[in-house]
Amino acid sequence: PIHNDVEEAARFMQAHDRFLVLSHVNPDGDATGSALGVVMILEQLGKEYVVVNEGETPVKFNFLPRFDQLRNLSKDPLDETFEAVIAVDCADESRMGDVRSLFGSGVALLNIDHHPTNDGFGTVNLIRTDAAATAEILYDVAVAAGVTFNKELALCLYTGLLTDTGGFRYSNTSPYVMEIASELLRYGVKPGEVAERCLEEITFAHVKILRLALQSLELSHKNLVASITVRQEDFVQSGADREDAGGLVNYCRNIEGVEVGVSFVESEAGAVKVSMRARDRVDVSAIAKRLGGGGHAKAAGCTIRGTLQEAKETVRLVLEEALGVSSNE
Ligand code: 5GP
Ligand code: MN
Ligand code: MN
C-alpha cells in the first residue's frame, strides 16, 4: 500500500534501531544527497546505520557529509543482514541492485521516491510524484521527525534539489522547491560551490568521449529525434568511464526542434544503456517502462540486452509509434 504520509516515514525511522540505507545503482546527486540526508536524520535520532550502494559513488559528490561512509558492495562485501531498510530515489526493486542481498528474512522496507513509475515495492511507501526530487520529500520527513536542520543536512538536501531540477531550470522547479532551497541556503550552504561540483565541473575524459560521441550524432523521425551512440571502443580510446559519459543525451534533446534526445551507451556485458530526454510531445517514462526501465516524463532510461544495433532498432520503432512519424524521413 502507498501511504504518502511523512509522519509514517518518520515513525519508521523512530521504530527501528539499526538501518540499511541505500539508493539506486549508478547514483546521481539526488540519490546520493538523499541517502546521506537520511543518514544525517538517523544520526540525530541516535540510530545506527550502514549506507551501501551496489557500486561506486561518483567522487564529485565527496563534498557531502559522511561520503566516506558510503560502502561499495561490489568491492567491499558485507557480512550482515538487515531487518530495517530505507531505500531512496529507487523506482523499483531492481534499481536497488545487489544491495538486496543484504535484506533479512522479515525485512521492513521504507521506500521514499518521486518517480511516477514507482511500483510501491516497500513495506511503507512514501511516493510523491509531484516532488521534483526525493530530497524534497526528505525535507518534509526531517520536519516530521523533528530533527534540527544544520548545514550538513541542508547540503545533502540542497544537492538533491539542485541536481534533479538541472540547476532549478527543469519544469519540475516548483514554488515549493524554491522555498525550501532558499531556506536550506540559510543554514550556510554555498550555492556556487555546490553548482560548480555538481553541474559545471567536467572531467577531461568527458570532453574526450563527447568529441567521439558527437561524430555519431544523427537526426531521425523527421528531425524530431536526435541520438548519440557510444561504443565500447570509444571508452577505450578516450580513457573515459561510464560516469564520464553522463549528460551526453542533453546535447541531443537541446537541438532546436528536437522532441526526444536519446543516447545509446554500450556496456561491457552485452547490454546497452538507453537514456531519453523529452521536450513536450512525448512521455519518455512510458517508453522506458515498456522497455523494462522507468523514470520521469521528461527524463527516463532503461537497459536493453543485445547489441547496439538491436537496441537502436527497438527504440527506433517505439519512437515511431510515440511520435506518429516514420523514422527514415
Ligand atoms: P538517466 O538517463 O540519466 O540514467 O536516467 C534518467 C531518469 O530515468 C532517472 O530519473 C532515472 O532514475 C531513470 N532511469 C534510468 N534508467 C532506468 C532504469 O533502468 N530503470 C528505471 N526504473 N529507471 C531508470
Ligand atoms: Mn536518481
Ligand atoms: Mn530523483
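**View 1. Strand β4 and its partner β1.** In this predicted model, Leu20 has Val85 in β4 as its bridge partner. Strand β1 (residues 18-22) runs parallel to β4, and 3 bridges link the pair. Two strands count as paired here if DSSP finds at least two bridges between them. Strands are DSSP runs of E with at least two residues, helices are runs of H or I with at least four, and both are numbered from the N terminus. Is β4 mostly enclosed or mostly open to the outside? Because 6 of its 7 residues are buried, β4 is largely enclosed by the rest of the structure. A residue is called buried if 20 or more other C-beta atoms lie within 10 Å of its own, exposed if 12 or fewer do, and partly exposed in between, with C-beta atoms placed from the backbone.

A word on reading these views: residues are numbered from 1 along each chain as its sequence is written, while chains are lettered from A and ligands numbered from 1 in the order in which they are written. As the model is predicted, local features need pLDDT of at least 70 and side-chain atom pairs count only at pLDDT 80 or more, whereas totals for chains, interfaces and linings use all residues.

**View 2. The parallel sheet.** Now look at the other partner of β4: strand β4 (residues 82-88) and strand β5 (residues 103-113) are joined in parallel by 6 bridges. Phe82 faces Phe103 in β5, and Ile86 stands opposite Leu110 in β5. The open sheet has 6 strands, ordered β3-β2-β1-β4-β5-β6, with parallel pairing. At its edges are β3 (71-72) and β6 (124-127), each pairing on one side only. Helix α3 (residues 134-144) lies across β4, β5 and β6, at about 100 degrees to β5. Such angles run from 0 to 180 degrees between N-to-C directions, using axes fitted to C-alpha atoms, for helices over the stretch in contact.

**View 3. Tyr158 and the nonpolar cores.** Which residues touch the most other members of the largest nonpolar core? They are Ala9, Val21, Leu157 and Tyr158, in a core of 65 residues. A nonpolar core is a set of buried Ala, Val, Leu, Ile, Met, Phe, Trp, Tyr and Cys residues joined through C-beta atoms within 7 Å. Beyond its neighbours within four places in sequence, Tyr158 is in contact with Ala181, Leu184, Val189 and Val194. Contact requires C-beta atoms, placed from the backbone, to lie within 7 Å. A second, separate core of 34 residues includes Ala213, Ala300, Ile304 and Ala322.

**View 4. Leu185 in helix α5.** Leu185 belongs to helix α5 (residues 175-185). With 14 other C-beta atoms within 10 Å, Leu185 is partly exposed. Leu155 is 30 residues from Leu185 in sequence, and their C-alpha atoms are 8.4 Å apart.

Terms used. Two residues are in contact if their C-beta atoms, placed from the backbone, lie within 7 Å.
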